[in-house]
Amino acid sequence: MNRLPLSRVTRVALVSLMSLLAIPACSDDENDGPFADPNPSTGQGSPDAGAPDSGTPDSGPGTPDSGTPDSGTTVWPQEFTCEGKEAHALTFNPGQEQQLQNAVNDLKPCTTITLGAGTFHFDNAVTIRADGITFQGAGRGAQGEGTGGAASTVLDFSAAAANTNGLDVVGKLFTLRDVALWNAQKDALRVENSSNVFIQRIRTEWERENQSSNGKYGIYPVKSRYVVVEDCEAYNAADAGIYVGQTRYAIIRRNIAKKNVAGIEIENTKFAYVEGNTAIDNTTGLVVFDLPGNPIQGTDVLVTKNTITGNNRHNFASDSGSSSTVSQVPAGTGTFILASRRVEFVGNTWGNNNTVDIAVLSGLAIEPNPVLWSAGFFNFSTSDVYVHHNTFLGGSGESVDSGTPSLAERPLGFLIANLYAYGKAAAGVDRVEHVLWDGIDPAPRNESVANGMNLCFTNNTLPATTKAAVVDLDLEAVQKKLMAATPDIVGAWGETRRYNQGATPFNCTGFRPALKLP
């Protein structure tokens, strides 16, 4: 991502876009092939399914997980199986790092690698390029634990070569569980171009808080299929704690993401279940978005039973490379949806997010050139977002960007902060509403259609102090008035519209993602 938000969406660009959309459409769905079933069973062989995990990841040292991995009874489509093949087993203990590195360089399929309790120190990435691999330790330990204990296994990459990942995996039928990945130079766990991936009860962490040099992603499955991330913890990532990118079919459940810039991100991903996670004390808690230049058009994301509160941490992301997108997010953003479609939020809890609980944005707000969205079949629009039967605790929207707005670094937050400062003084609007819609999609905006992108906000539990629940910001019009040679703050505020819950046009219903929670 390479553009600042709030660049002008010109009429010329939009006219050009409409011309491009007249081209006979095709879809990346055509590439799904045999994996196009929107409701696969959960699968594999080893994710927890029975009683072992309570839904709350373990927190204490020495008590990584009490349960025995379940065998599972249903199976996702698999591109590889170990059935009928020779199984191999390797065991290593601290001090045998070089033997481990030698072994992974020559792995046979269907090998289980078991690491003993304690700390393993690596000077390079652990690279796995084989199918049917299980990599398991004695436990993930507790937050802040950089040294493995009697019942935990820590893989310490503090002295690894620059710009290397921790665990770097390409393989089918891969399982990782019960380890901690500490101080990776780049991504702590990167799994790419893989299928049937099971990531269970791991912890990714950087020792120091709020450092832009803290690697990048904690748990990062990308360009993969059939991914489960469950009962994991991610701390202090300078980009995202858990980042699922360009993936088809993912279950992200019962994880904890804290102290990251972004807690959990679902990017250019089709068919994702995001259930029962805790995203607290990040800059932004949970993100569902598409980026330009990626061929997969994200769609059908169910976000349910998550807790997304108190995400007010100062944004410490690097402003270079792909992290430039997240570096622009104002602190205190509970959730933002951008260039997304068919997203349902139900049963979640938001509160005490300083900027806003939910922001619904067009991709044109960050990249106004529609041509650059062509790889994803012009997937910049956000549409069909259904927010219902959630709980909003209050305390949100009262201090945009946690009181430190910056035009140069986080211009959207700067605009909102100044707009609402005026609104508070002139109109008594003392906080950003629970849902902020930028009002861009469908682009170009048709003023005669109040909710053309089908954003529905109904049957949520709101605090008694709520005056209005949804704001149509009309960002393009607001920006134009504020950036005029003579800024017109009164006119900018006049472009915004507020709606109570249950009010037309956001009292719509009926949309659900084309998938079912397993």
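Me: In which order do the ten strands of the open sheet follow one another, and in what sense do they pair?

Reply: Strands are DSSP runs of E with at least two residues, helices are runs of H or I with at least four, and both are numbered from the N terminus; two strands pair if DSSP finds at least two bridges between them. Here the order of the open sheet is β3-β6-β9-β12-β15-β18-β21-β24-β27-β30, with parallel pairing. Its edge strands, each of which pairs on one side only, are β3 (118–121) and β30 (391–392). Within this order, β24 (residues 307–309) and β27 (residues 349–351) are joined in the parallel sense over three bridges, and I308 stands opposite W350 in β27. The model is predicted, and local features need pLDDT of at least 70, side-chain atom pairs count only at pLDDT 80 or more, while totals for chains, interfaces and linings use all residues. Residues are numbered from 1 along each chain as its sequence is written, and side-chain values use heavy atoms, with hydrogens and water left out.

Me: Which strands does β29 pair with?

Reply: Strand β26 (residues 341–346) runs parallel to β29 and is joined to it by five bridges, whereas four bridges join β29 to β32 (residues 455–458), again in parallel.

Me: Where do the buried residues of helix α2 lie around its axis?

Reply: One takes the directions from the helix axis to the C-beta atoms and considers the arc they span. In α2 (residues 97–104) the buried residues are E97, L100, Q101, A103 and V104; they fall within an arc of 160° seen down the axis, so they line one face of the helix. The elements that cover them include β1 (88–92), β2 (111–115), β3, β4 (126–128) and β5 (134–136).

Me: Which residues have the most contacts inside the largest nonpolar core?

Reply: A nonpolar core is a set of buried Ala, Val, Leu, Ile, Met, Phe, Trp, Tyr and Cys residues joined through side-chain atoms within 4.5 Å. The largest one has 69 residues, and F135, F174, L189 and I266 have the most contacts inside it; its largest share, three residues, comes from α2. Apart from it lies another core of 45 residues, among them L291, V329, F378 and F380.

Me: How many aromatic pairs does the ring rule give?

Reply: A pair of aromatic rings is described by the distance of the centres and the angle of the planes. Rings of Phe, Tyr and Trp (its six-membered ring) pair if their centres lie within 6.5 Å, with planes under 30 degrees apart counted as stacked, over 60 as edge-to-face and the rest as tilted. The count comes to 17 aromatic pairs, and ring pairs link Y217, Y220, Y243, F289 and F336 into a cluster.

Terms used: Buried means under 20% relative accessible area, exposed over 50%, partly exposed in between (1.4 Å probe, protein chains only). Contact means heavy atoms within 4.5 Å.
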